[in-house]
Amino acid sequence: QVRLVESGGGLVQAGGSLRLSCAAAGSTFSIVDMAWYRQAPGKQRDLVARISSTGSTNYADSVKGRFTISRDNAKNTVYLQMNSLKPEDTAVYYCNVRAGLGLVRNYWGQGTQVTVSS
């Protein structure tokens, strides 16, 4: 199994930046990819960005050009650099890891609140 610890959330002004971190522990050797999701009140949890084991990335259209996902394999950590933040980015952000040698499973962090003021 994989355990995730998230950090970096907070309150920022529109146009500001935040950097989220998610450190993985446990069966980190079996990690397939890592991602960030977010969930605003009353809305579903949506993918923000994903990065594969090979470094391939995928972004939601709403954050493309503003957010950057990266990972440090040596530290088993995934980051989400969020620039030019908008009030619409306000949500709880969740780290997600898919891991497994045979059966690939989803693992979730507890979530970190990101609030962007107007």
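Which strand gives the most to the lining of the largest pocket? Strand 5 does, with three residues. The model is a predicted one, in which local features need pLDDT of at least 70 and side-chain atom pairs count only at pLDDT 80 or more, while totals for chains, interfaces and linings use all residues. Residues are numbered from 1 along each chain as its sequence is written, and side-chain values use heavy atoms, with hydrogens and water left out.

Strands here are DSSP runs of E of at least two residues, numbered from the N terminus. A pocket is an open set of points on a 1 Å grid over the protein atoms alone, where a 1.4 Å probe fits and protein lies on both sides within 12 Å along at least five of seven lines; lining residues have an atom within 4 Å of a point. The largest pocket has a volume of about 190 Å³, the volume being the space filled by probe spheres set on the points, which are joined across faces, edges and corners. Its lining consists of 15 residues, and those nearest the centre are Arg38, Ala40, Lys43, Asp46 and Glu88. Strand 4 (31-39) and strand 5 (46-52) each supply at least two residues of this lining. By class, six lining residues are nonpolar, four are polar and five are charged; Ala, Val, Leu, Ile, Met, Phe, Trp, Tyr, Cys and Pro count as nonpolar, Asp, Glu, Lys and Arg as charged, and the others, Gly among them, as polar.

Rings of Phe, Tyr and Trp (its six-membered ring) pair if their centres lie within 6.5 Å; planes under 30 degrees apart count as stacked, over 60 as edge-to-face and the rest as tilted. The count by this rule is one aromatic pair. Its rings belong to Tyr37 and Trp108, and because the planes stand at 65 degrees, with the centres 5.0 Å apart, the pair is edge-to-face. Buried means under 20% relative accessible area, exposed over 50%, and partly exposed in between, with a 1.4 Å probe and protein chains only. Tyr37, at 15%, is therefore buried, whereas Trp108, at 35%, is partly exposed.

Arg19 lies over the face of Tyr79, 4.2 Å from the ring centre. The charged end of Arg45 is over the ring of Tyr94, at 3.6 Å from its centre.

Asn96, in strand 9 (residues 91-99), is buried at 0% relative accessibility. A polar atom of the Asn96 side chain lies 3.5 Å from the backbone oxygen of Tyr107. Leu20, in strand 3 (residues 18-26), is likewise buried, with a relative accessible area of 0%.

Two loop residues remain. Asn76, between strand 7 (67-72) and strand 8 (77-82), has a positive phi near 50 degrees without being a glycine, and is partly exposed at 24% relative accessibility. Ser84 is in the loop between strand 8 and strand 9. The phi of Ser84 is positive too, about 50 degrees, although the residue is not a glycine; at 42% relative accessibility, Ser84 is partly exposed.

Notes:
Helix = DSSP H or I, 4+ residues; strand = E, 2+ residues; numbered from the N terminus. Lys NZ or Arg CZ within 6 Å of the ring centre and 35° of its normal. Polar contact = N/O pair within 3.5 Å; in protein donor to acceptor, adjacent residues only side chain to side chain.
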